Amino acid sequence: MPKPVIAIVGRPNVGKSTLFNRLIGERLAIVEDTPGVTRDRLYGTFDWRGRDYALIDTGGIVPDEPDPILLQTREQAQAAMDEADAILFLCDANDGLTAIDYDVAEALRKNSSKPIVLAVNKADGPRREQNTPEFYALGLGEVYPISSIQGHGVADMLDALHEAIPDTGGEEEYEEDVIRLAIIGRPNVGKSSLTNRILGEDRVIVSPIPGTTRDSIDTPFQRGDERYVLIDTAGIRRAGKIQGTIEYYTVLRAERAIERSDVVLLLVDAVEGVTDGDMRVGGMAQDAGKGCIIVVNKWDLIHGVQMHKYAQDVKDRIKFLEYAPVAFSSALTGRGIPGILDTVQTVAQNHALRIGTGELNRVIRQAVDAKPHTHKGRELKIRYATMHRVRPPTIALFCNNPQLVHFSYERYLTNCLRAEFGFLGTPIKLQFRRVEKEEK
């Protein structure tokens, strides 16, 4: 399930980056005793009480300041708060309550409906901790005195955040028979236009300007007896070029949409062809274990090229998605849309396909008998197999020694499973486990 997101906000030089580094367990954010060092937002993760969290470090907020850099910092902090599930408002016990703290608190009350936890940093000793009660005047509830350097009070603060964010308990957001479909791709490949064409109406803003869509939008719809939820995501760009920008958090939101989906449509611009960016986006879908269809969009702009040849070129470029079917569409004319939805239904069924233990072991035995595997003179012996989960199909293979398995043999077994059961459009995960020797 997607990680809850916490944004750390506050005026400059209250120790946001120090707290960020402590929580994520590494020195990722630059820490200096100078206001305004952090201008860009940083993203990290940590876990607390068995739950994983995403954490955003923001630059210091100075309300109503016309300086362009401070204005940009404010905008970035607001983008982080929009993305967050909860806000950690950090103040400074050493400086005491300031006018800027009042202004930031007032802005939080007006512009955010998210849970807010107020922590007062640098409460390193009894004298400084005595200053913290005055922060109740901000009207944000309980005040948590902490020391980001020493760790004092951090556990109580995290407990408050943990309780403030509802735990979904891993429950599905939609009913089991609903196909969750995410449209992913680089900016400006036509994701929103394709969404509108699938829905048959302009339900999403469409613009030729790259980066128009910043949120992931869930839209339920029905086709025949099949129910879907369509998740239109913002374009994904290479992470190295977008750190500290709105696009960085666009990527975070798109990743969360991928996590929530069953099947993704990976859009490729027919004119530009497959790019490195397309392969990076496809890698995100594969890593998440989602069913995938590669959709070549804007096909109406291509002339004199045969589909099967173009499809083969796409396969050659994105070899790690060899299981993904290639479809062609034109969001402008609607060409190919019905066929794409038919394929989505097939891929979703394969993604959730469960093979009986007897059938599974029959295919594995035949594959091993046809091509035994040895490594450094030792033979791999697969005792039995079981499919212990789906979405994606995940198979545990119990063997004498998992270290004997070469990646080429794992690929061979995967191909045998595909030849027998299909699994079009879905990755297959094989997990090799050591089986204990039977007692004599």
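This report walks through a predicted model of one protein chain, from the overall picture down to single residues.

## Ground rules

Since this is a predicted model, local features need pLDDT of at least 70 and side-chain atom pairs count only at pLDDT 80 or more, while totals for chains, interfaces and linings use all residues. Residues are numbered from 1 along each chain as its sequence is written, and side-chain values use heavy atoms, with hydrogens and water left out.

## The big picture

Let's start with the whole chain. The protein chain holds 12 helices and 17 strands; these are DSSP runs, numbered from the N terminus, with helices being H or I over at least four residues and strands being E over at least two. Of its 440 residues, 51% are buried (buried is under 20% relative accessible area, exposed is over 50%, and partly exposed is in between, with a 1.4 Å probe and protein chains only).

Now for contacts, meaning heavy atoms within 4.5 Å. Take the contacts with a separation of 6 or more: 70% of them join residues 24 or more positions apart.

The mean pLDDT of the chain is 81, and 80% of the residues reach 70 or more (pLDDT is the predictor's confidence in each residue, from 0 to 100).

## Two nonpolar cores

A nonpolar core is a set of buried Ala, Val, Leu, Ile, Met, Phe, Trp, Tyr and Cys residues joined through side-chain atoms within 4.5 Å. The largest one here has 28 residues, and those with the most contacts inside it are I184, L266, I294, I318 and L321. Elements giving two or more residues to this core include β7 (179-184), β9 (226-232), β10 (263-269) and β11 (291-297), along with the helices α7 (246-260), α8 (276-287) and α9 (307-317). The top contributor is α8, with four residues.

Which residues does L321 touch, not counting those up to four places away in sequence? They are L266, G282, Q286, C292, I294 and K315. There is also a second, separate core of 25 residues, and V363, I364, Y409 and F423 are among them.

Helix α1 (residues 16-24) and helix α5 (residues 154-164) have axes that come within 13 Å and cross at roughly 80°. Axes here are lines fitted to C-alpha atoms, for helices over the stretch in contact, and angles run from 0 to 180 degrees between N-to-C directions. So α1 and α5 are roughly perpendicular to each other (that label covers 65 to 115 degrees; under 35 is roughly parallel, over 145 roughly antiparallel, and the rest oblique). On the α1 side, L19, R22 and L23 meet V154, M157 and L158 of α5.

## Around β11

V296 sits in strand β11 and is buried, with a relative accessible area of 0%. Leaving out residues up to four places away in sequence, V296 touches V268, A270, Y310, V314, V326, A327, F328 and S329. V314 is 18 residues from V296 in sequence, and their C-alpha atoms are 8.9 Å apart.

Is S330 buried or exposed? S330 is buried, at 1% relative accessible area, in the loop between β12 (326-328) and α10 (337-351). Beyond neighbours within four places, S330 is in contact with N297, K298, D300 and R335. W299 is 31 residues from S330 along the chain, yet the two C-alpha atoms are separated by 5.5 Å.

K298 lies in the loop between β11 and α9. Its phi is near 65°, a positive value in a residue other than glycine, and K298 is partly exposed at 24%. K122 has a positive phi of about 65° too, although it is not a glycine. You'll find K122 in the loop between β5 (116-121) and α4 (126-129), partly exposed at 21% relative accessibility.

Lastly, the peptide bond from R391 to P392 is cis, with omega near 0°. P392 has its place in the loop between β15 (382-389) and β16 (394-399).
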